[in-house]
Amino acid sequence: MELPLLVALREDGSVDPDLDPKFDGGTLLFLHRRMIFLRALDEKALNLQRAGRIGFYIGATGQEAAEVGSGFALKEGDWVFPSYRDQGAALLHGYPLSALVGQLYGNSSDATKGRQMPNHWCDRAARVVSVSSPVATQLPQAVGAAYAGKLRGEKSAVIAYFGDGGSSTGEFHVGLNFAGVFRTPNVFFCSNNQYAISLPFAKQTAVGSIAVKAAAYGFPGVRVDGNDILAVVRVTRDALERARAGEGPTLVEALTYRMGAHSTSDDPTHYRSEEEVEAWRRRDPIRRFAVYLKKEGLLTDQAEAALAEEAREEVKRAVAACEAAPPVPPESLVEDVYAEMPWHLKEQQEWIREPVKE
Amino acid sequence: MATMTLVQAIHDALALEMERDSRVVLLGEDIGKNGGVFRVTEGLWARFGSDRVIDTPLAEAGIVGMAIGMALNGLRPVAEIQFVDFIYPAFDQIVSELAKFRYRSAGQFTAPVVIRTPSGGGIKGGHYHSQSPEAYFIHTAGLKVVMPSTPADGKGLLAAAMRGPDPVIFLEPKALYRTAKGEVPEGDYAVPLGKARVVRTGEDVSLITYGATVHVAEEAAATAGQEGIDVEVIDLRTLWPLDIEAVVRSVERTGRAVVLHEAPRTCGFGAELSALIQEKAFLHLKAPVARVTGFDTPFPYSLEKLYLPDALRVLGAIRATVNF
């Protein structure tokens with residue numbers, strides 16, 4: 001069973017009229033700016049980690065079109081159940097950069113009190129749900145959130161992000177099966193970046209595509225070029241509209257490539273060749289979009305360089321604001337376990353305040 | 001007051017809470033049209049509709065995962081796991097997701113889900129219908145663990161769990177579902193979590209337990225009374241957070257403690273109770289804290305009666321403690 005790969009941005013810089021989301025110039029430039037910004041964020045965060053200023057980072061370099069395209073397709077009121085690599089979509093959905101950088105530092109500038117390692121952020125106001133490390137656990141949760149909205153008659157959709165590795169989990173099956181049975185307003189967005197840490201996609205599944213698996217759950221699966229921002233926006237927007245209209249879930253597989261390491265703790269030279277990476281570098285989603293924008297007369301080389309510089313400055317300002325914040329207070333260790341602190345945690349808080357009793 | 005079985009009392013709490021709060025939904029396997037394999041939810045599907053009494057596909061991780069998402073988005077879900085022995089496929093969703101949302105988001109996201117599940121032995125169910133895994137959940141920061149032993153507490157504790165802000169593992173002693181009958185207050189009734197109940201007062205030894213073994217404890221205490229040993233029986237009701245004051249107050253007075261549960265011995269909740277008692281009441285103790293528990297084996301089928309603590313074993317521990 002083969003599903004066609006949907007492509008809007010053609011090699012020659014033209015756009016397939018059937019898939020063109022038909023944005024005005026301002027919107028196109030906005031999408032481009034956000035992708036450049038994400039790349040700058042990754043560069044800065046990797047440098048911060050190497051310099052020992054933050055402990056860890058998970059980048060999405062190479063996946064900017066999938067992130068920005070899908071995030072842009074969301075509407076206010078939609079819920080996002082992200083994985084740890086979806087900062088791009090979260091930022092598009094209203095997660096403030098200052099909060100994201102604060103979370104990387106895990107100091108008192110972190111709205112989540114330094115509770116989790118970097119890339120495990122959340123924002124209640126933006127409806128961006130707290131990230132966990134075990135992959136795909138968010139999929140059945142996203143079904144529950146969608147069910148709740150549907151029960152109240154709301155017209156919002158719930159998007160859940162995961163990767164090719166996540167598609168092998170029991171929770172993938174459980175989540176999609178439940179969504180199919182209950183026809184919940186879900187979009188399951190798989191960034192198929194070809195690797196789950198070291199394991200190539202071919203060893204993750206024998207069927208060659210994640211999207212085809214939707215057939216087993218009774219709803220459509222769509223395969224889209226994940227390095228083509230116009231196609232990603234279009235496909236995600238259509239899936240979200242379907243969800244909001246009560247037509248049930250969609251599985252979107254965005255074919256892309258993780259240009260960098262899995263995380264700052266990983267060295268991909270152990271498991272893949274430079275030739276392979278180089279081949280994907282030629283399909284860089286930002287460069288590809290820039291070719292189109294320049295062809296349309298919307299972007300110049302000069303303006304492009306200025307955008308990158310602006311993005312670096314914006315990240316730098318956020319870093320400066322967060323880095324100076326004091327550490328999280330020790331007493332906060334035992335807060336937020338329960339709504340009210342029970343006796344045993346009060347007791348343990350006393351041990352923090354006074355480790356040695358005179 | 002009405003006389004009810006434990007099943008009826010739990011049903012009553014579910015029906016009343018669904019009536020008073022439209023955010024309450026039930027989900028689980030066979031709980032809808034069929035009313036649940038123990039008939040706890042009988043009639044609720046017809047009364048509240050299939051949107052609020054939800055028959056799910058057969059997948060525990062899905063039931064709990066879905067309940068979490070519902071709670072994140074404003075519902076008050078009560079998930080039924082058909083037997084607690086089937087809860088392990090949902091273990092990750094419970095210990096790393098449900099229990100951790102409040103902490104990992106610093107209070108931005110909370111998941112007030114109640115997981116109801118029949119627990120314990122006594123129905124000739126063998127290994128996969130008899131386990132007592134409460135220690136796993138007590139060990140998990142962020143969960144409350146509750147186990148009633150009477151119909152009145154079944155109703156009142158469940159109502160409190162469903163109204164509370166935290167996730168609760170609500171263990172229902174299935175051996176008592178139809179054997180425990182008692183007076184239950186009608187209408188709105190909640191028993192606050194975290195408060196133990198003194199089942200009977202006594203001066204010589206504190207017998208601390210919960211769930212089905214409360215009745216074993218009462219039987220043992222009656223027999224001990226005939227031998228002139230005055231036993232105080234404490235039903236913890238909420239296992240965690242523990243009513244430490246009630247435990248310490250009792251042991252300080254009696255100077256002796258026997259802890260009793262069906263679950264296996266090693267690293268069972270009795271071990272924690274024993275440690276807490278010696279930490280907090282050491283100078284009052286006249287004897288080591290005794291434990292009466294299940295065995296460190298898988299739960300057996302044919303030898304179930306041998307496995308489960310009975311009044312005789314409890315009596316043995318009471319005598320040994322008093323005669324230490």
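**Exercise 1. Count the helices and strands of chain A.**

Solution. Start from the DSSP runs, numbered from the N terminus: helices are H or I runs of at least four residues, strands are E runs of at least two. On this basis chain A has eleven helices and eight strands. Before going on, please note that this is a predicted model, where local features need pLDDT of at least 70 and side-chain atom pairs count only at pLDDT 80 or more, while totals for chains, interfaces and linings use all residues. Residues are numbered from 1 along each chain as its sequence is written, and chains are lettered from A and ligands numbered from 1 in the order in which they are written.

**Exercise 2. Find out why the radius of gyration of chain A agrees with that of a compact globule.**

Solution. Take the radius over C-alpha atoms, and for the globule use 2.2 Å times the number of residues to the power 0.38. Because chain A has 358 residues, the rule gives a value near 21 Å, and chain A has 21 Å. Next, look at the principal axes: the C-alpha trace spans about 75 × 50 × 40 Å. Finally, divide the chain by an automatic or database domain assignment: domain 1 covers 5-327 and domain 2 covers 329-358. Over C-alpha atoms, the centres of these two domains of chain A are 38 Å apart.

**Exercise 3. Describe the side of chain A that touches chain B.**

Solution. Count contacts, meaning residue pairs whose C-beta atoms, placed from the backbone, lie within 7 Å. Here 37 residues of chain A are in contact with 35 residues of chain B. Then list the elements of chain A that give two or more residues: α5 (138-151), α6 (170-182) and α11 (343-353). Among them, α5(A) gives the most, with ten residues.

**Exercise 4. Work out the length and burial of helix α7 of chain B.**

Solution. The expected span is 1.5 Å times one less than the number of residues. Helix α7(B), residues 151-163, has 13 residues and reaches 19 Å from its first C-alpha to its last, close to the 18 Å expected. For burial, count other C-beta atoms, placed from the backbone, within 10 Å of a residue's own: 20 or more is buried, 12 or fewer exposed, and in between partly exposed. Twelve of the 13 residues of α7(B) are buried, including B:Asp153, B:Lys155 and B:Met162. In chain A, buried residues make up 53% of the 358.

Note on methods
Contact = placed C-beta atoms within 7 Å.
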